[in-house]
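Subject: A structure for you to look at

Hi there,

Here is the structure I promised to pass on to you. Have a look at it first, and then read my notes below.

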Amino acid sequence: MKFLKHYWPSLLVVAVIVYATLFPDPLPDEPAFKIPHLDKLIHAIMFGGMAGALAFDYQRSHRSHSLGHRAMLACCVIAAAFGLVIEFAQEAMGLGRSGDEYDFVADCAGTIVAFFAAPPAIRAVLRKK
């Protein structure tokens with residue numbers, strides 16, 4: 001129960017990612033505007049956001065010590081590993097979605113950005129409370 005209390009925002013992010021990546025056609029077939037490689041950008045944002053949410057929840061629940069490189073790296077590795085699992089699940093489920101190694105590369109790119117961008121943002125947000 002303590003885990004749910006501290007990590008509910010991260011769990012919400014995970015639920016949105018599961019819906020967006022595993023349910024068949026969560027978005028319309030034809031977007032209102034076309035941006036090249038938008039899918040990869042969305043993957044980077046989702047999994048970088050997941051790493052950031054995990055780090056935020058970790059820091060929020062462990063206020064006594066600062067978010068270090070090891071903790072942030074662990075959040076990024078968890079998010080990237082989840083991205084890899086999602087790609088295998090998409091391939092295995094056969095619901096019209098397919099696994100894509102470039103989606104996983106985008107997931108990892110998002111977590112790399114989060115590794116550097118999340119800690120100062122988290123410190124700034126939690127300092128204001």
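To begin, how many aromatic pairs does the count come to? The count comes to four aromatic pairs. Please keep in mind that this is a predicted model.

A quick tip for reading what follows: a pair of aromatic rings is described by the distance of the centres and the angle of the planes.

One of the pairs is Y19 with F23. Their ring centres are 5.0 Å apart and their planes meet at 40°, so this pair is tilted. Y19 is partly exposed, at a relative accessible area of 43%, and F23 is also partly exposed, at 44%.

Another of the pairs is F47 with F82. Here the centres are 6.3 Å apart and the planes are at 45°, so this pair counts as tilted.

Now for the cysteines. The count of disulfides is zero. For C75, the nearest cysteine sulfur belongs to C76 and is 6.8 Å away. A disulfide needs the two sulfur atoms within 2.5 Å, so C75 is in no disulfide. C76 is in no disulfide either, with the sulfur of C75 as its nearest, 6.8 Å away. C75 is buried, with a relative accessible area of 6%, and C76 is buried with a value of 6%.

Enjoy exploring!

Definitions and conventions. Residues are numbered from 1 along each chain as its sequence is written. This is a predicted model: local features need pLDDT of at least 70, side-chain atom pairs count only at pLDDT 80 or more; totals for chains, interfaces and linings use all residues. Side-chain values use heavy atoms; hydrogens and water are left out. Buried means under 20% relative accessible area, exposed over 50%, partly exposed in between (1.4 Å probe, protein chains only). Rings of Phe, Tyr and Trp (its six-membered ring) pair if their centres lie within 6.5 Å; planes under 30 degrees apart count as stacked, over 60 as edge-to-face and the rest as tilted.
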